[in-house]
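Here are my comments on the model you sent.

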Amino acid sequence: MGVIFLDKLVIKGNTKLKGEVHISGAKNAAVALIPATLLIEGVCTITNVPNISDVKISCEILEQLGSKITWISNNEIIIDNTDINCTDAPLDMTSKFRASYYLIGSLLGRCGRAVVGLPGGCNLGARPIDQHIKGFEALGTKVEIAQGKISASAKNLIGTSIYMDMVSVGATINVMLASVLAKGTTIIENAAKEPHVVDVANFLNTMGADIRGAGTDVIKVNGVQKLQGNASYSVVPDQIEAGTFMLSAVATKGDITIRNCIPEHLDCLTAKIIELGANVEVDNDSIRVWTNKKINSTNIKTQPYPGFPTDLQPQMGVCLAIANGTSIIREDIWDSRFQYTAELNKMGAQITDQGKSAIFQGVKELYGAPVSASDLRAGAALIIAAIVAKGESTLTNLSHIDRGYENIEEKFRNLGANIQRISE
Ligand code: EPZ
């Protein structure tokens with residue numbers, strides 16, 4: 001019988017984080033850009049690619065479809081999609097992460113056909129894809145969902161107007177992908193404005209597409225015959241990774257300079273961190289966060305960009321768990337994104353999970369404990385909590401964290417954290 005090694009992190013806490021950290025390329029951009037390359041009947045180069053498991057599996061899937069992928073370095077890839085010869089993505093692989101749904105928009109655009117397993121990803125409650133399907137059908141696609149897979153086919157994709165019932169990052173990007181090579185113009189209204197939506201549009205335009213208005217709530221895609229490719233594109237810095245380190249400076253009463261980030265993408269968080277009583281200094285592509293004060297309580301409501309990002313909600317939760325007084329977080333994007341609070345309560349926090357909101361009764365300090373990551377951002381939050389806590393913590397279920405953070409323990413160690421990954 002094969003031996004399974006399970007990694008865990010062992011963290012000795014009571015540490016103030018100090019120093020500099022370099023931010024990687026954005027996970028939520030990279031996992032869209034890689035399938036988007038399928039729209040190019042040729043070669044392109046992508047740099048600043050985060051070396052994370054979601055990226056690796058995206059590349060493996062493309063190779064199954066006929067792509068030739070060359071890793072020039074840990075963070076640079078050349079993708080040659082000249083000979084795509086399959087439009088059925090391997091079901092066992094697509095269910096491992098959420099962004100596999102971008103294969104549908106790209107394969108539809110390139111080949112008029114796509115068969116992809118229902119997407120996986122973090123368990124944050126219901127994650128329907130009705131808006132993706134609404135968009136594909138509006139463009140003239142026939143969509144069927146059966147036996148755990150989505151089959152989509154279209155003789156001709158015809159540009160049209162699509163009004164999204166709610167702001168959806170995934171649906172906005174997927175409809176954009178399907179309309180790049182469509183006949184005529186597609187208008188996407190009530191579109192998502194996240195930095196990764198803009199990054200995908202910029203990438204496609206670099207490769208020869210004609211997309212306007214990304215970053216606003218109305219995106220216009222003028223269909224083109226072909227994407228030339230033969231160009232290089234650098235993935236946008238990860239807004240959420242940068243925010244994770246900004247909040248770890250607040251929680252540990254540290255002093256961290258976050259390099260290679262885009263400060264404007266973090267305006268909302270910066271305003272909240274100042275409300276917490278910490279200091280923020282912004283420069284061209286870096287942000288310094290420092291404090292030696294007790295954290296002020298505050299209230300948070302997660303919203304689509306440029307509102308407070310739901311993917312920083314758990315990390316903010318750690319700060320509010322040790323703040324002065326009572327705070328409330330209202331989670332307006334996902335139905336169940338407070339699973340991490342039960343783990344924080346094992347560390348001495350006093351948090352009441354009420355489903356779509358949670359009440360944080362600030363405590364003086366946290367204590368080390370064995371905890372487990374329920375999803376990617378919960379995992380990052382628990383690392384921060386363990387670095388703050390008195391004593392030793394262990395953190396399991398690291399596969400969630402490895403899906404979205406590149407070398408996270410090394411980056412924290414370079415800031416002074418006592419953190420070790422051990423295999424058992
Ligand atoms: C993206 O998920 C991100 N994932 C998520 O980050 C992030 O939490 C989310 O956007 C919101 O910012 C990736 O980019 C791979 P949505 P996505 O479509 O596209 C509802 C992380 O930690 N909705 O914007 O799946 C949906 O239920 C991950 O990196 C529909 O009802 O999110 C949710 O309530 C976790 N029907 C809301 O819209 C649809 O067809 C926003 O979802 C689509 C969405």
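The points below start with the basis of the model and then turn to the ligand.

1. This is a predicted model, in which local features need pLDDT of at least 70 and side-chain atom pairs count only at pLDDT 80 or more, while totals for chains, interfaces and linings use all residues. Residues are numbered from 1 along each chain as its sequence is written, and side-chain values use heavy atoms, with hydrogens and water left out.

2. The ligand is surrounded by 24 residues (a heavy atom within 4 Å). The closest are D130, Q131, S168, D311 and I333.

3. A polar backbone atom of Q131 is 2.7 Å from a ligand oxygen. In the side chain of W334, an N or O atom is 3.0 Å from an oxygen of the ligand, and for a polar side-chain atom of R127 the distance to a ligand oxygen is 3.1 Å. Of the 830 Å² of accessible area that the ligand has on its own (Shrake-Rupley, 1.4 Å probe), the protein covers 91%.

4. Two or more shell residues each come from α1 (27–36), α5 (130–138), α6 (169–179) and α12 (376–388) (helices are DSSP runs of H or I, at least four residues). The largest share, three residues, is from α5.

5. G215 lies in the loop between β11 (211–212) and β12 (218–222) (strands are DSSP runs of E, at least two residues). Its C-alpha atom is 13 Å from that of E264, 49 residues apart along the chain.

Notes. Polar contact = N/O pair within 3.5 Å; in protein donor to acceptor, adjacent residues only side chain to side chain.
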